[in-house]
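Try each task before reading its solution.

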Amino acid sequence: MRMSKLYLPTLKEDPAEADVISHQLMLRAGMMRKHASGIYSYLPLGYKVIKKIEKIARKHMDNSEAQEVLLPIMQDSQIWKDSKRWDKFGPLMIKFNDRKNREFCLGPTHEEVVTDLVRDEVRSYKDLPLNLYQIQTKVRDEIRPRFGVMRGREFIMKDAYSLDIDSAGLDKSYQAMYDAYEKIFAECGLEAVSVEADTGAMGGKDSHEFMVLADSGEDEIAFCNDCNYAANVERATSQKVGIDFEIESDFEKIQTPQIKTISELEDYLEVPAAKMIKAVAMVADGEAVLALVSGEDELNEIKLTNYLQANELRAAEAEEFEELFNSVPGFIGPINLTEVRIIADQRLKNMSGAIVGANEEDYHFKNVKVKRDFEVEAFADLRSVKSGERCPKCEKGKLDIKAGIEVGHIFKLGTKYSENMDANYLDENGKAQPIVMGSYGIGITRLVAAAIEQNNDQYGIKWPKAIAPYQIIILPLGNDDEVQTKSEAIYQDLKAKGWEVLIDDRKERAGVKFNDSELIGIPLRLTIGSRSLKNGVVEAMTRENNMKTEIELEQLETKIEALFAGIA
């Protein structure tokens, strides 16, 4: 491809709207342009990367004997109501009525469509197992689209759905997808790790996420430094012990003027945060809920959501404290709180001598004992783990928290969808049994961003060779006729031999060509100038490490093959 004809509107400066390096570089390198918040048009360079990732995903999915289909993005509301997820997905779904006033949504995922597809077609155990996959656009109305394609409202996903006769079959299908995913990420040149994960709105039993470690990642992952335990902090646990202060005095009210936070209480009362109970006012599906954790801990909202089986969980607004909790912000606590569900972290089960809010401006209670002075609905794991805590698996290693980007997620759905939607098969005895399902997703467009987050420097992108838009870029320098002629000959020869080649034939200064080539990150650069031609050589640079070497023209083809083979 000739750069003079390539639609490649590069930018010199980082766009103000871009907060992370992948977003900055995808805009600067002319890979995409914003259409609306969280919605992007992909330009030729960016779309070539997407197509290469899709090709790798297809190869490994086909090798696993999954079969490709294409399912509708416009989905009838009835199948979602059948699965009982029409309300569960809530405002994430874009819902609308057609001209006949029938209710539809734009598909955020396709479990319902697949289940609907097979429930009238799969009749016998002989029809199973099956694994159907597609690569298609998904739409989710994210409340805060950000970080470019890492948290968009419209994105490309590879999603697959396994269908088996029993849990043993599901285990086999799940492992096949797990293995395929490891191969996909490895071939894309990504360092990805698998971690235990929360099933979220998908439901089901077991779940693993595949994470690319990066400082810009939205997710946090807990790793043990002594065993193979790894889990998203939404699910992670630790060996953190309970709290048991031996104070049996009656609780009493103390004045704490304008002291609203745990850190302020620590300073004012000169007591540690571990001796306090942090009360967090939440609203779950319109219902008031008070979550209690130790003052030294943070509430994990995902864990609370899962316990409550809530469709929507949010922090209470300031004006809701009096109406829903009969309390005031900064001084809320569990004592004398009626008509409010109170859920406490399991560390608080035996706590006494605690300090809690008194539900009155400028006052707290001290010497509070759990279960004596207030009742809770249940004790559950509600806290987020922290670095340095003991591993829950080996009990001797310590946890380390790292940021990561989720690029893949696999779920054991079980019979959640088939039972709700009557997707059954007849077993060997002619008895109807629910199909056992799994769901497996890879964010194709998110993979593009993740690759950039792991492979960049101050000059631009450094593409892994398997997903680079082109393999080689040729830079003819100057206006010398011999340079132009030789560059064109090398360009045509390499193309004829099957290389993906980009030639910068623009009438631009050398500095502009060098800057653009480093920005767009093509793995191997060949620079051709009049001086090098006189010496019978071409300068080659591998973008992976910016190492330069001179290649004799007579050995160009052999040396290019060797250089490219050494690139990751």
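The expected span of a helix is 1.5 Å times one less than its number of residues. Keep in mind that this is a predicted model.

**Exercise 1.** Compare the span of helix α5 with the expected one.

**Exercise 2.** Find what lies at the two ends of α5, and which of its residues are buried.

*Solution.* At the start, a side-chain oxygen of D166 comes to within 3.3 Å of the backbone nitrogen of A168. After the helix comes G189, with a positive phi near 80 degrees. The buried residues include G169, L170, S173, Y174, M177 and Y178. An α-helix has 3.6 residues a turn, so residues three or four places apart point the same way.

**Exercise 3.** Work out the strand order of the five-stranded open sheet, and say which strands stand at its edges.

*Solution.* The order reads β16-β14-β15-β17-β20, and the pairing is mixed. β16 (313-315) and β20 (378-380) each have a single partner strand, so one side of each lacks a neighbour in the sheet. From one strand to the next, the twist averages 35 degrees. Within the sheet, β14 (residues 277-284) and β15 (residues 287-294) run antiparallel and are joined by eight bridges. Finally, helix α7 (residues 301-308) lies across β14, β15, β16, β17 and β20, at about 130 degrees to β17.

Key:
Residues are numbered from 1 along each chain as its sequence is written. This is a predicted model: local features need pLDDT of at least 70, side-chain atom pairs count only at pLDDT 80 or more; totals for chains, interfaces and linings use all residues. Side-chain values use heavy atoms; hydrogens and water are left out. Helices (H or I, at least four residues) and strands (E, at least two) are DSSP runs, numbered from the N terminus. Buried means under 20% relative accessible area, exposed over 50%, partly exposed in between (1.4 Å probe, protein chains only). A polar contact is a pair of N or O atoms within 3.5 Å; within protein, one must be able to donate a hydrogen and the other to accept it, and residues adjacent in sequence count only if both atoms are side-chain atoms. Two strands pair if DSSP finds at least two bridges between them. Axes are lines fitted to C-alpha atoms, for helices over the stretch in contact, and angles run from 0 to 180 degrees between N-to-C directions. Contact means heavy atoms within 4.5 Å.
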